[in-house]
Amino acid sequence: MGSNVKTGYEPMTSIDAITAGLGEVGYISTREISTAVFLALGLRKPILIEGPAGVGKTDLAQSLSRWLDLPTLRLQCYEGLDEGKALYEWKYGKQLLYTQILKEKLSELIGDADNLSASLGKLSSFEDLFFSEQFLESRPLLTAMQQDRGSVLLIDEIDKSDEEFEAFLLEVLSDYQVTVPEIGTITAKVPPLVILTSNNVRELGDALKRRCLHLYIGFPDHERERAIVRARVPDVETQLLSQLVSFVQSVRDADIKKRPSISETVDWAKTLLLLHANALDEKFVRETLNVLLKHESDIATIKPKLGLMVREAVGTDAKGRKASGYPDIS
Amino acid sequence: MERALTNFIRALRSSEVRVSTGEALDAARTVALVGYGDRPLLKSSLACVLAKSPDEKDVHDKLFDLFFARQSHSSSSQTDDSNAEDKESAASAESLVELLESGDDTAIAMAIEQAAEQSGLDDIRFSTQVAYYSQQIIKQMGGEGLQQKLLGALQAHTPEGEAEAGKLIEMRRDLTMKARERAQQSFEVFGRGETQQFRDEFASTKPLSSFEMADMDRMRALIQKIAKRLAVKHSRRRSKRNRGQLDIRRTMRANAGLDGVPFNVAWRQKKKDKPKIVAICDVSGSVSRYVRFLLMLLNSLNDVVPDIHSFAFSARLGPVDQWFDEMTFEKAMGKIIHEYGLGSTSYGQSFSDLHMNHMGLIDRRTTIIILGDGRNNYGDPRTDLLQEFAARAKQLVWLTPEGYSLWGTGDSELPKYYPYCTQMSPVSTLRDLERAVDVILSAYA
């Protein structure tokens, strides 16, 4: 970073600073995540985040922008996404409107030219007017390049886009510049912090992978998940928190189609809170299982083992207050 | 330390982690950024830069531990490096004995490290070279002198000489073990990947019929690899092309806001078919071995071809997919052979079973793969049914374990079936199988 240019990335001085800063805005980072962010800044490379849905891939980008107080430019990828939607588009309507309005003015201007080539010459001198930045509708990629203090550019679910689009991204991601044929090359004043996420719908190309730092965010361990739920649902009691996290972790080990991710744990914690549960018991779990599991067959798999799993989850409570408080339904 | 990084990258490459020059430069910049001091930090940083998938990350982490565990020996006492070098250059028997006698493990490890570098240990490729390189290391350290001394002590024929010799033998054994350990470690880092590649290369051209059950694990890994390769190639979204007929309705809708002036033109697009495969496998006697590989490959291709229906037959034909869902692959294979593998092969009967019960599966986007030798025990070949299948399906591919020269010999009906097949080819190695499936999937591109 050039020290004379004031960028929004300045708080990111060290890996610990990043972990702490993300913690402030409620994102519980790990060493791997912070390292990747730190390197992304140091090496000027985008981060490609892979991992199951709902483990906080998108959230990382949003938390970064909240912490650094930078704009987030989000580009949601889908099949058929093209340059026009991602980079820029000409404001055709406005161009058309202006030509209509200026029609008379134009004929006036051209009027004094006595032959065709002279009027053409006159006309071509105005042409650039209509293809200038005034008529340029900038889309997320271009907008990200134009930020003065830098920005967080989130390219979400890149695996859903077409291959052509992936190839098109290469220029943007390696040089932080975009080329608009009519205007020229626009280079980012301060390169954005780029975060790409992928759910592995398809294998990404090697060229793209080579340009990115690779970060895999998997399901969190017990401690981190507790910290995350604590940050998201501050009202939840410590005892319930540790029990419900234990339960979710054991559900993840079971043989099911869609394993619950952090977002589901958080939803579930909120649900239990609404029901005024202060400890896990089988009845509550049975009634709210559909918050955690999204497939009928998964619910069917878990239900028979529910009693045992709940008791185990309750048993792992470190405080040892297991037997007294709640009835042991099995 | 730059050298360490280059070597580490080489080790990664030999373990099939593709590291481009650009990434190597990034790695160097990363090291400059985070330094060598904090190993866990360096590990996660390099993993970020060099590994591009969870699999590669595993390989990276394992290699990192192996590699830098060794490196720590040479760097831990870098301060007295010059000192050590002096000692090394005068690698006489005396200093070696002294060194070994001192029992200073760090010094010994350093000396071994130095000798290893001098003997070019990092070039190790195969496990059979371990012994050679450990000898080289000992030689570098002055092992010949030690040998001389030992002989001298033995020839003295005195009790002191005997004692001395005993001590020296002990030392030599100790040193040999350490050198071997060191060479083995280097092999793990640099050689294992390449050996694996060599074996895979060999296995993919080995006749499928000669695989033993003991090779199954390797085969499974290899088939996974092939499946991945095919998946990468064919899971590419089929690109829509901007040409064809003008789609007037969509064009008008798209430009309604622009006063109907057609700035954005929409074209009619043809939807690409998704592959659908119906695999029909002869599981009698000799062919059953091949079936295993085809089914394994098809089952691994789930991502690209979600729509696979497999059938097995010898006398009668029946679906087998449900077993793959219910049990492990090996168990399912056993069950298939048990259920369908008995009885004399009848292609005619099996075709008519398929025709009767499962004709609905065959439509214009289906590829029918028949794996079998076409030996029909002189029964009615029912080419009429095959003709009907071929007419209805997108393509009909016949894979046979027998070479061209055997087609039509004895009870083989292959020449009769040949005219109805889009493709009929012998499959005897994994490579053939990969090529055949590649061709099949390419038809959907």
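This is a predicted model: local features need pLDDT of at least 70, side-chain atom pairs count only at pLDDT 80 or more; totals for chains, interfaces and linings use all residues.
Q: What percentage of residues is buried in chain A, and what percentage in chain B?
A: A residue is buried if 20 or more other C-beta atoms lie within 10 Å of its own, exposed if 12 or fewer, and partly exposed in between, with C-beta atoms placed from the backbone. In chain A, 35% of the 330 residues count as buried. In chain B, the buried residues make up 33% of 445.

Q: Which elements of chain A give two or more residues to the side that touches chain B?
A: Two residues are in contact if their C-beta atoms, placed from the backbone, lie within 7 Å. The contact takes 22 residues from chain A and 27 residues from chain B. On the side of chain A, the elements that give two or more residues are α2 (31–43), α5 (92–101), α9 (163–175), α10 (206–211) and β9 (213–216). Of these, α2(A) gives the most, with seven residues. For the classes, Ala, Val, Leu, Ile, Met, Phe, Trp, Tyr, Cys and Pro count as nonpolar, Asp, Glu, Lys and Arg as charged, and the others, Gly among them, as polar. This side of chain A has eight nonpolar, four polar and ten charged residues.

Q: What is the order of the strands in the open sheet of chain B?
A: Two strands pair if DSSP finds at least two bridges between them. The sheet has six strands in the order β3-β2-β1-β4-β5-β6, with mixed pairing. At its edges stand β3 (317–319) and β6 (423–426) of chain B, each with a single partner strand, so one side of each is left without a neighbour in the sheet.

Q: Which strands pair with β1(B)?
A: β1(B) runs parallel to strand β2 (residues 307–313) of chain B, and seven bridges join the two. One pair of bridge partners is B:V278 and B:H309. Strand β4 (residues 366–371) of chain B also pairs with β1(B) in the parallel sense, over six bridges. Here B:A279 stands opposite B:I369. In turn, β4(B) pairs with strand β5 (residues 395–400) of chain B over five bridges, again parallel, and B:I369 is opposite B:V397 in β5(B).

Q: Are the faces of β1(B) covered or open?
A: In a regular strand the side chains alternate between the two faces of the sheet. In strand β1 (residues 276–282) of chain B, seven of its seven residues are buried. Both faces are covered, with B:K276, B:V278, B:I280 and B:D282 on one side and B:I277, B:A279 and B:C281 on the other.

Q: Is B:D282 buried or exposed?
A: B:D282, which is in strand β1 of chain B, is buried because 27 other C-beta atoms lie within 10 Å. Leaving aside neighbours within four places in sequence, its contacts include B:V287, B:F313 and B:L371. B:D282 and B:I337 are 55 residues apart in sequence and 9.9 Å apart in space, C-alpha to C-alpha.

Q: Where are residues other than glycine with a positive phi found?
A: Most residues other than glycine have a negative phi. A:D69 has a phi near 55° and is in the loop between α3 (57–68) and β2 (72–76) of chain A. A:D69 counts as exposed because it has 9 C-beta neighbours inside 10 Å. B:N377 has a phi near 50° and is in the loop between β4 and α17 (383–392) of chain B. B:N377 is partly exposed, with 14 other C-beta atoms within 10 Å.

Key. Residues are numbered from 1 along each chain as its sequence is written. Chains are lettered from A and ligands numbered from 1 in the order in which they are written. Helices (H or I, at least four residues) and strands (E, at least two) are DSSP runs, numbered from the N terminus.
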